[in-house]
Amino acid sequence: TGGGTGFSATFTVANAGPSGYIDSITITDPGHSFISIPDISIATGGTGCTLATFQSFLATTSSNVVQTERGALGTTAATHSVSTSVSKITWPLRDSVNVPGTQYYFRMAAYNDAGLSNYLYFTHAITQVNPTILSTFGGDTIEITMEGGGVSSANTTVYIGHRHINGTIDYNRSKLCGSVVVSDVAGTRITCVTPPWVGQRHDLIVLYQSGIIEKMSVADGVMSFYRPEIVSVNPVQVVAGQVASITIAGLNFGTNQSDVVGAIRTTTGEKPCEPLVLLSDTSAICNLSVNALIPHTGTIVLGVGTSWSGGQQNTSASGLQSQIKEIDPPAEIELTLAIDIATIPEASPERIAFEESFISDVSSAVGVPAWRIQITEILAGSIIVVFVILPDASSIIATTPQAAAAIIAEQAAQPTSALLTGSTTGSVTGVSVPASVLEAAAAATGTTITTTTTPDYLKLSEPKEYTLADMEQCLYTCRLLCETGNEVPAVDGFPVLADERPQVCSSQCMTHCGYGRPFTPNSLSLAAF
């Protein structure tokens with residue numbers, strides 16, 4: 001009985017016969033999973049025994065000594081005298097079956113002709129706890145496996161926290177683990193419900209108090225709370241030169257404002273959130289001040305926990321989910337198309353259809369949504385379409401206006417590009433993109449798209465000497481790289497069109513290779529002859 005299984009024992013009999021009695025019991029298997037005090041009966045008396053099956057046994061002891069082979073079974077010498085019949089042996093810490101008893105502290109020793117052994121004292125100790133990583137909002141149920149935990153939850157208090165140097169509980173830095181329940185009759189399993197908190201390292205403290213007796217056990221530094229995570233920030237793009245307010249959504253921020261700090265980490269330094277406002281365990285607001293040396297472009301980082309609350313844990317300093325940047329300015333572009341402006345009068349259905357088709361072609365060529373392309377002006381000559389590409393302030397990874405402008409400039413020089421094969425933009429004959437836009441795109445992507453650096457087709461074709469043979473070799477190499485390479489030559493900061501490329505390459509390479517050098521009579525040294 002008792003819900004468990006596996007218990008077994010053997011016994012010996014003194015004065016075999018009608019007046020015989022059991023004089024010793026040896027536990028051979030203590031069993032397991034008992035949830036209440038079991039009845040103990042004799043299953044068989046062994047060879048020659050005439051006892052009926054499952055007949056209850058009688059136990060006797062002297063008035064001075066309790067003999068037991070298992071600490072979980074026991075009685076006291078004062079309970080009965082020699083030859084007194086008892087039908088049940090109660091479990092520890094109880095004075096009646098199925099009723100919790102008083103907690104006593106005791107010591108035991110073995111005795112024989114050689115004398116008394118060393119005493120074995122009562123033990124109060126934490127052996128295991130699960131789980132050890134806790135939710136910052138509290139409410140987790142943890143189970144503590146113990147020795148000597150007691151049977152009454154009223155005598156036991158559990159803390160998650162810290163101790164003073166002298167080993168006593170630091171109540172200012174410790175929190176109660178509430179709703180303590182003793183889960184078994186031997187006091188070896190205790191459960192409690194965790195408080196909301198944060199921190200990297202805490203002690204688990206179990207305090208037992210009964211009258212003047214007090215016992216404390218500590219599992220040093222075994223408890224921690226989940227580290228914070230940022231799931232998203234909003235907005236992801238903010239206006240440069242203005243105070244920015246960023247709403248942070250995530251997990252495990254805790255519930256105590258003083259436990260949380262925040263900052264933005266950039267390539268030029270770190271700027272704190274001034275202030276950081278904690279809204280809940282999953283939400284906070286970071287306000288970023290203006291600093292000319294530290295832009296609003298970088299990664300938002302939160303630190304949760306202090307030395308007071310078990311140590312700080314930080315969110316990851318990488319990942320798109322926590323990045324913000326300053327809004328890119330719109331990029332203005334001019335495309336010249338071989339179309340008679342008279343065929344698309346202003347405010348006419350033809351003009352509306354042209355603009356819709358133009359925007360659709362550019363959108364497809366560049367890979368940005370149509371709403372980001374706005375035509376600001378259409379001028380004569382054939383026609384010149386002036387338009388801007390707007391930033392997408394809702395995305396950290398969207399193509400910037402500057403990068404989109406660079407794509408248009410590049411495609412305008414490639415006859416088979418998406419831009420020059422569009423239904424309307426196929427008639428493009430010229431492109432104008434400000435040099436500053438191309439340079440910004442190059443800086444952002446780390447490419448060589450710039451109007452101020454020397455192109456590779458010039459760097460790789462320097463003449464060794466200004467002799468005719470070296471100049472011809474330089475010109476051949478330069479034109480080949482210029483006309484067939486990935487770099488599009490530019491004039492006055494603007495990439496040239498495909499049909500202009502051979503002529504521009506020839507002109508630039510001839511000048512580079514020395515064909516345009518001014519000749520000064522008698523400038524050659526005698527050493528050259």
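Predicted model: local features only at pLDDT ≥ 70, side-chain atom pairs only at ≥ 80, totals over all residues.
Biologist: How many helices and strands does the secondary structure of the protein chain come to?

Modeller: The chain has 529 residues, and 39% of them count as buried. Among contacts with a separation of 6 or more, 59% join residues 24 or more positions apart. The secondary structure comes to six helices and 30 strands.

Biologist: Which strands does the aromatic pair of Y159 and Y171 link?

Modeller: The structure holds five aromatic pairs. Y159 and Y171 form one of them, with 5.5 Å centre to centre and 75 degrees between the planes, which is edge-to-face. The two residues are 12 apart, and the pair links strand β10 (residues 156–163) with strand β11 (residues 169–182).

Biologist: Does Y159 count as buried or exposed?

Modeller: The cut-off for buried is under 20% relative accessible area. Y159 has 12% relative accessibility, so Y159 counts as buried.

Biologist: How many residues apart are F358 and F387?

Modeller: F358 and F387 also form an edge-to-face aromatic pair, 5.2 Å centre to centre with 75 degrees between the planes. Both residues are buried. F358 lies in helix α1 (residues 349–366) and F387 in strand β27 (residues 383–389), which puts them 29 residues apart.

Biologist: Which residues form one aromatic cluster?

Modeller: Aromatic pairs in this structure number five. One aromatic cluster is formed by W197, F225 and W308.

Biologist: What covers the buried residues of α6?

Modeller: α6 has 13 residues and reaches 18 Å from first C-alpha to last, close to the 18 Å expected. Its buried residues are R501, V504, C505, S506, C509, H512 and C513. The cover includes α4 (456–459), α5 (468–484) and β29 (490–491).

Biologist: Which residue just after α6 takes a positive phi?

Modeller: α6 spans 501–513. Just after it, a phi of about 105 degrees belongs to G514.

Biologist: Does Y515 count as buried, partly exposed or exposed?

Modeller: Y515 is found in the segment after α6. Buried means under 20% and exposed over 50%. At 31% relative accessibility, Y515 falls in between and so counts as partly exposed.

Biologist: What accessible area do L468, M510 and Y515 have together?

Modeller: These three residues form a nonpolar patch on the surface. Y515 has 31% relative accessibility, and patch residues need over 30%. Together L468, M510 and Y515 have about 270 Å².

Terms used. Residues numbered from 1 in each chain as written. Heavy atoms only, no water. Patch = residues over 30% accessible without salt bridge, like charges linked within 9 Å, V, L, I, M, F, W, Y side chains within 5 Å. Areas by Shrake-Rupley, 256 points an atom, 1.4 Å probe, with all protein chains shown as cover. Salt bridge = Lys/Arg side-chain N within 4 Å of Asp/Glu carboxyl O. Helix = DSSP H or I, 4+ residues; strand = E, 2+ residues; numbered from the N terminus. Buried < 20%, exposed > 50% of the residue type's maximum accessible area, 1.4 Å probe, protein only. Phe/Tyr/Trp six-rings, centres within 6.5 Å; stacked < 30°, edge-to-face > 60°. Expected span 1.5 Å × (residues − 1). Contact = heavy atoms within 4.5 Å.
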